[in-house]
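These notes are for a first reading of the structure. Please keep the sequence and the 3D view open while going through the numbered points.

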Amino acid sequence: MALLIGSGFPNLDVFPTLLRKKTPKDPINETHASTILHTVFLYLVILPLLYLALSAIGWSDSWNIALSFSLGGVIHVLTESFDQKGRRLLYPVSKKFYGIRVLPYDFWTYLTDKKVLALEGGLFILAFLLLVF
Ligand SMILES: [Zn+2]
């Protein structure tokens, strides 16, 4: 469950696009996938911090949860580095987008498909509830 939540976590930077509710003229330059949430670096920082935080509150599987969450985030970022946009794989050393750009970047079309959004949102909420309860 931590892996699923971690793999969805980078997409929290989609909210500026969602809130504007207008079709972007230049989708590849949207905020989505351009923030620190879509960097490998963030999950390397989160890993020890999450482990320490979960250990401090007495969770017995704190290392597995922290590692799974971070792995989910890294897998997300690396997988998306195969689209036209690439990702900031070397952040904070470089802010340049890197990747093997073999897939299209058409996030807006993907995002505005209400069935896809409902499915992804539902899976994210389900994963969260299963982890907590
Ligand atoms: Zn993403």
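1. A salt bridge here is a side-chain nitrogen of Lys or Arg within 4 Å of a carboxyl oxygen of Asp or Glu. Side chains of opposite charge can pair when their charged atoms come close. The model is a predicted one, and a search of the whole structure finds two salt bridges.

2. Which side chains meet in these salt bridges? Glu 80 and Arg 87 form one, with an N to O distance of 3.0 Å. Arg 87 and Asp 83 form another, at 2.9 Å from N to O. Through shared partners, Glu 80, Asp 83 and Arg 87 are joined into one network.

3. Buried means under 20% relative accessible area. Arg 87 has 1% relative accessibility, so it counts as buried. Asp 83 is at 9%, and therefore also counts as buried.

4. The second largest pocket holds about 180 Å³ of space. Rolling a probe the size of a water molecule over the atoms shows where empty space is left. The lining of this pocket includes Ala 2, Ile 5, Trp 59, Phe 69 and Phe 128. Four helices, α1 (2–8), α3 (40–56), α4 (62–80) and α6 (114–132), each supply at least two residues of that lining. By residue class, the lining of the second largest pocket has eleven nonpolar residues, no polar and no charged ones.

5. Helix α6 gives the most to the nonpolar patch, with four residues. Met 1 is in the segment before α1. Its relative accessible area is 40%, so Met 1 is partly exposed; that class lies between the limits of under 20% for buried and over 50% for exposed.

6. Two backbone details deserve a look. Where is the cis peptide bond? It joins Tyr 91 and Pro 92, with omega at about 10°. Pro 92 lies in the loop between α4 and α5 (107–111).

7. The other detail is at Ala 33, which has a positive phi of about 70° although it is not a glycine. Ala 33 sits in the loop between α2 (15–20) and α3. With 1% relative accessibility, Ala 33 counts as buried.

Terms used. Residues numbered from 1 in each chain as written. Predicted model: local features only at pLDDT ≥ 70, side-chain atom pairs only at ≥ 80, totals over all residues. Heavy atoms only, no water. 1 Å grid on protein atoms, 1.4 Å probe; cavity = no way out; pocket = protein on both sides within 12 Å on 5 of 7 lines; lining within 4 Å. Points joined across faces, edges and corners; volume = space filled by probe spheres on them. Nonpolar A, V, L, I, M, F, W, Y, C, P; charged D, E, K, R; others polar. Buried < 20%, exposed > 50% of the residue type's maximum accessible area, 1.4 Å probe, protein only.
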